[in-house]
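Here are some notes to read beside the sequence and the model. Please keep both in view as you go through the points.

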Amino acid sequence: MSHVHAASPHPGLVPLRHDWTREEVRALFELPFPELMFQAAQVHRQHFDPAEVQISTLLSIKTGGCPEDCAYCPQSAQYDTGVKAEKLMAVDAVLAEARAAKANGASRFCMGAAWREPKDRDLAAVCAMVEGVKALGLETCATLGMLTGEQAARLKASGLDYYNHNLDTSPEFYGEIITTRTYRDRLDTLSHVRDAGINVCCGGIVGMGEDLDDRVGMIAILANLPVHPESVPINMLVQVAGTPLNNVRKLDPLDFVRTIAVARITMPASVVRLSAGREDMSEETQALCFLAGANSIFYGPKLLTTPNPERDRDMRLLDKLGLRPME
Ligand code: SF4
């Protein structure tokens with residue numbers, strides 16, 4: 001089956017909806033598990049080849065020392081997690097990593113910086129990285145914190161394909177997780193990115209001690225954005241000692257799978273990414289996520305600098321499941 005372009009009118013395709021009520025989203029979460037999986041798998045096939053998985057590589061170009069207080073994040077300077085603050089990487093070093101990522105089969109290269117927002121001088125360096133990565137024939141993605149409209153336009157001009165900025169959770173639960181920026185700030189950055197003509201990568205994190213209503217609320221907001229994010233990363237919290245969310249009540253993996261399925265059903269043409277937390281998931285849980293409509297994964301940041309058994313494990317899993325990298 002070939003990939004159906006989301007924007008093209010296609011007979012038989014259910015039109016994308018932007019008017020999901022919370023009740024409808026909640027009703028999906030509450031479906032009997034086999035019914036939910038069946039619906040998600042059906043929707044998945046309308047827009048994608050279910051045997052294809054998009055592979056992204058994430059590189060931290062500026063690690064640690066972040067002034068924000070995201071309760072899940074080991075890079076916040078407010079928590080003692082042992083992550084040292086580093087300087088922004090040099091452009092050449094980033095390009096070397098991008099070349100290695102390409103050789104390893106990645107089609108998209110994401111650059112992440114632990115900033116509240118980029119300073120103009122730093123943005124110039126990131127734009128040079130984007131131009132260089134793009135010239136290697138990779139798709140480019142960045143996650144740098146909040147952006148103004150002008151900064152988004154500069155990134156677009158340098159060739160940025162995707163910008164990641166997550167909503168993290170529901171508006172109601174948000175205040176438990178972050179106090180240094182508002183939900184509105186996040187939505188504003190997303191609209192600046194959208195207005196600049198950059199594809200949006202936006203999702204959230206589950207397993208932060210939120211309840212079902214919060215997962216419902218997060219998906220409803222994402223699915224009701226004026227345009228669905230092209231990429232929707234769904235992360236399972238990785239608990240890190242020193243962060244406030246260390247030892248928070250764990251989410252049942254099946255509830256994680258349900259979240260993936262509901263994201264797939266409500267945002268049928270988006271790539272849904274099984275993101276952080278995969279390393280701690282069983283192969284069976286990951287297989288259920290693919291069945292539920294996940295069609296993208298990250299290769300970890302350590303991939304490029306060290307011999308990487310993780311990568312082999314990932315490839316073996318994709319092989320076992322008969323999945324192949326999306327071109
Ligand atoms: S803004 Fe990003 S890097 Fe900074 S604390 Fe929050 S999640 Fe971590």
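1. The buried residues of H7 pack against helix H5 (149-158), strand S4 (162-164), helix H6 (171-174), strand S5 (199-201) and helix H8 (212-223), where contact means heavy atoms within 4.5 Å. Helices (H or I, at least four residues) and strands (E, at least two) are DSSP runs numbered from the N terminus.

2. This is a predicted model, in which local features need pLDDT of at least 70 and side-chain atom pairs count only at pLDDT 80 or more, while totals for chains, interfaces and linings use all residues. Residues are numbered from 1 along each chain as its sequence is written, and side-chain values use heavy atoms, with hydrogens and water left out.

3. Which residues of H7 are buried? They are Tyr183, Arg186, Leu187, Thr189, Leu190 and Val193, buried being under 20% relative accessible area, exposed over 50% and partly exposed in between (1.4 Å probe, protein chains only). Seen down the axis of H7, these buried residues fall within an arc of 160°, so they line one face of the helix; the arc is that of the directions from the helix axis to the C-beta atoms. On the other side of H7, Arg184 and Asp195 are exposed.

4. Just after H7, Gly197 has a positive phi of about 85°.

5. The ligand is surrounded by Cys66, Glu68, Cys70, Tyr72, Cys73, Ser76, Ala114 and Arg181, a residue being near a molecule if one of its heavy atoms lies within 4 Å of it. Leaving aside neighbours within four places in sequence, Tyr72 is also in contact with residues including Asp168, Ile177 and Leu245.
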